[in-house]
Amino acid sequence: MSTQEIIESMKRWSASFSEATSQKICSLYDEQATLWGTLSPIKRDSPALIKDYFDQLFKYKNRYVELTESNIRFFSNIAICNGLYTFNWLDNDTKATKSARFSFVFINKNGQWFIIEHHSSSIPALP
């Protein structure tokens with residue numbers, strides 16, 4: 001287990017966010033994963049619900065995500081990565097940007113890291 005393995009897992013996740021279909025990004029999630037997505041009011045706690053979430057997002061053109069800050073910690077076969085990222089896409093040919101905070105919890109199964117918990121939420125404006 002190394003920090004570099006989690007950095008690489010996060011790079012795979014961010015790269016797959018720009019793919020044509022949700023297949024690759026969904027393959028990074030464990031079958032028991034839970035996702036609280038930035039743009040969804042409901043918890044996604046099955047592979048079908050997680051796929052549905054990404055299928056909806058992947059309708060936007062020119063999507064990409066920039067990881068701007070992260071912190072990684074290890075606990076046995078569990079790794080937690082939290083930080084900040086910014087989503088970018090085109091919505092009706094208008095550029096949209098959404099900054100958010102995230103927490104990913106990974107589990108190591110047979111030498112491979114899978115996402116078992118993913119929480120993402122918009123950063124609220126300061127009062």
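Is N62 buried or exposed? N62 is exposed, with a relative accessible area of 56%; exposed stands for over 50% relative accessible area, buried for under 20%, and partly exposed for values in between, with a 1.4 Å probe and protein chains only. The legends below describe a predicted model, in which local features need pLDDT of at least 70 and side-chain atom pairs count only at pLDDT 80 or more, while totals for chains, interfaces and linings use all residues. Residues are numbered from 1 along each chain as its sequence is written, and side-chain values use heavy atoms, with hydrogens and water left out.

**View 1. N62 and N110, two residues with positive phi.**
Most residues other than glycine have a negative phi. N62 is not a glycine, yet its phi is positive, near 50 degrees. N62 is located in strand β3; strands are DSSP runs of E with at least two residues, helices are DSSP runs of H or I with at least four, and both are numbered from the N terminus. N110 is not a glycine either, and its positive phi is about 55 degrees. This residue sits in the loop between β5 (94–109) and β6 (112–122). With a relative accessibility of 86%, N110 counts as exposed.

**View 2. The buried face of helix α3.**
Helix α3 spans residues 47–57, and I50, Y53, F54 and L57 in it are buried. Seen down the helix axis, the buried residues of α3 fall within an arc of 90 degrees, so they line one face of the helix. The arc is taken from the directions that run from the helix axis to the C-beta atoms. Among the elements that cover these buried residues are α1 (3–16), α2 (23–26), β1 (29–36), β2 (43–44) and β3 (61–75).

**View 3. L57 in helix α3.**
L57 is buried, with a relative accessible area of 9%. Leaving aside neighbours within four places in sequence, L57 is in contact with F17, L39 and R63, where contact means heavy atoms within 4.5 Å. L57 and F102 are 45 residues apart in sequence, and their C-alpha atoms are 17 Å apart in space.

**View 4. The largest nonpolar core.**
A nonpolar core is a set of buried Ala, Val, Leu, Ile, Met, Phe, Trp, Tyr and Cys residues joined through side-chain atoms within 4.5 Å. The largest one here has 29 residues, and W13, Y29, F54, F104 and F106 have the most contacts inside it. At least two residues of this core come from each of α1, α2, β1, α3, β3, β4 (78–91), β5 and β6. Which residues does Y29 touch, not counting residues up to four places away in sequence? They are W13, L35, I50, F54, F104, F114, I115 and H118.

**View 5. Aromatic pairs and an aromatic cluster.**
Rings of Phe, Tyr and Trp (its six-membered ring) pair if their centres lie within 6.5 Å; planes under 30 degrees apart count as stacked, over 60 as edge-to-face and the rest as tilted. By this rule there are 14 aromatic pairs. F17 and F87 form a tilted pair, 5.3 Å centre to centre with 50 degrees between the planes. F17 lies in the loop between α1 and α2 and F87 in strand β4, so the pair ties together parts that are 70 residues apart in sequence. F17 is buried at 3% relative accessibility, and F87 is buried with a relative accessible area of 7%. Y53 and F54 form an edge-to-face pair, 5.3 Å centre to centre with 75 degrees between the planes. Both Y53 and F54 are buried. One aromatic cluster includes W13, F17, Y29, Y53, F54, F58, Y85, F87, F102, F104 and F106.

**View 6. The β3–β4 hairpin.**
Strands β3 and β4 run antiparallel and are joined by 12 bridges; two strands pair if DSSP finds at least two bridges between them. E69 has L84 in β4 as its bridge partner. Two residues lie between the strands of this hairpin, and S76 in the turn has a positive phi of about 60 degrees.

A disulfide is a covalent bond between the sulfur atoms of two cysteines. It is counted here when a pair of cysteine sulfur atoms lies within 2.5 Å, and the count comes to zero. C26 is buried, with a relative accessible area of 18%, and C81 is buried at 1% relative accessibility.
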